[in-house]
Amino acid sequence: MPRPAIAIPGRFTESASALRYRGVVAARTLLEAVWAAGGDPHVLLPAQGPGALDWAERLRGMDGVLLPGGGDINPDRYGGDPSHPEVYDVDDVQDETDITLAQYVLSEGIPTLAVCRGLHVMNIVLGGTLIVDMPQHHRHHVHRVALEDPADHLGEIGRAHV
């Protein structure tokens, strides 16, 4: 039986030691976690232009989506202050990719896991707002999450409904 294909929007980076140019990356830990859970991760290019936001076409053959963490979402998207000094790594192409992808998966009922920035994206798509900067340390912080017996908890994990 083939592994379920899981789409993950890549993240722009200004540098990576193995590249000579700016890049599009996905966190190795996330890719390995999808693989360990039985899935096959597929990194998608955040893009503009014809067909870039045609999610029906771009997700053809995908069984689910993982919306990962990343830089801040442009505060203009949720009524925040874009000039706040702690706002970092804002990229309008990344925002448009993630937000339109989230709108699509919600409208189509596609299984989706959102983490960190991905949760912020879902919150905005569902009409929520964000605090531009949390005073406690959170940037680049990793939280470990483990289910004692994932099979016992799968029924508790639901989808958001608009």
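Of the contacts in the chain that link residues at least 6 apart in sequence, 64% join residues at least 24 apart. The model is predicted, and its chain contains 5 helices and 6 strands. In sequence order these elements follow the pattern β-β-β-α-β-α-β-α-β-α-α. Of the 162 residues in the chain, 30% are buried. The accessible surface amounts to about 10,700 Å², with 54% of this area belonging to carbon and sulfur atoms.

Strand 1 spans residues 5-9, and 5 of its 5 residues are buried, so the strand is largely enclosed by the rest of the structure. In a regular strand, side chains alternate between the two faces of the sheet. In strand 1 both faces are covered: Ala5, Ala7 and Pro9 are buried on one side, and Ile6 and Ile8 are buried on the other.

Strand 1 pairs with strand 4 in the parallel sense, over 5 bridges. Within this pairing, isoleucine 8 has valine 43 of strand 4 as its bridge partner. Strand 1 also runs parallel to strand 5, to which it is joined by 2 bridges. Here the bridge partner of isoleucine 6 is glycine 64 in strand 5.

Leucine 45 is located in the loop between strand 4 (40-44) and helix 2 (55-58). The relative accessible area of leucine 45 is 47%, so this residue counts as partly exposed, the threshold for exposed being over 50%.

Cysteine 116 is found in the loop between strand 6 (112-114) and helix 4 (117-125). With a relative accessibility of 51%, cysteine 116 counts as exposed, since the class begins over 50%.

How values were computed:
Residues are numbered from 1 along each chain as its sequence is written. This is a predicted model: local features need pLDDT of at least 70, side-chain atom pairs count only at pLDDT 80 or more; totals for chains, interfaces and linings use all residues. Side-chain values use heavy atoms; hydrogens and water are left out. Helices (H or I, at least four residues) and strands (E, at least two) are DSSP runs, numbered from the N terminus. Buried means under 20% relative accessible area, exposed over 50%, partly exposed in between (1.4 Å probe, protein chains only). Contact means heavy atoms within 4.5 Å. Accessible areas come from the Shrake-Rupley method with a 1.4 Å probe; for residues, only the protein chains shown count as cover. Two strands pair if DSSP finds at least two bridges between them.
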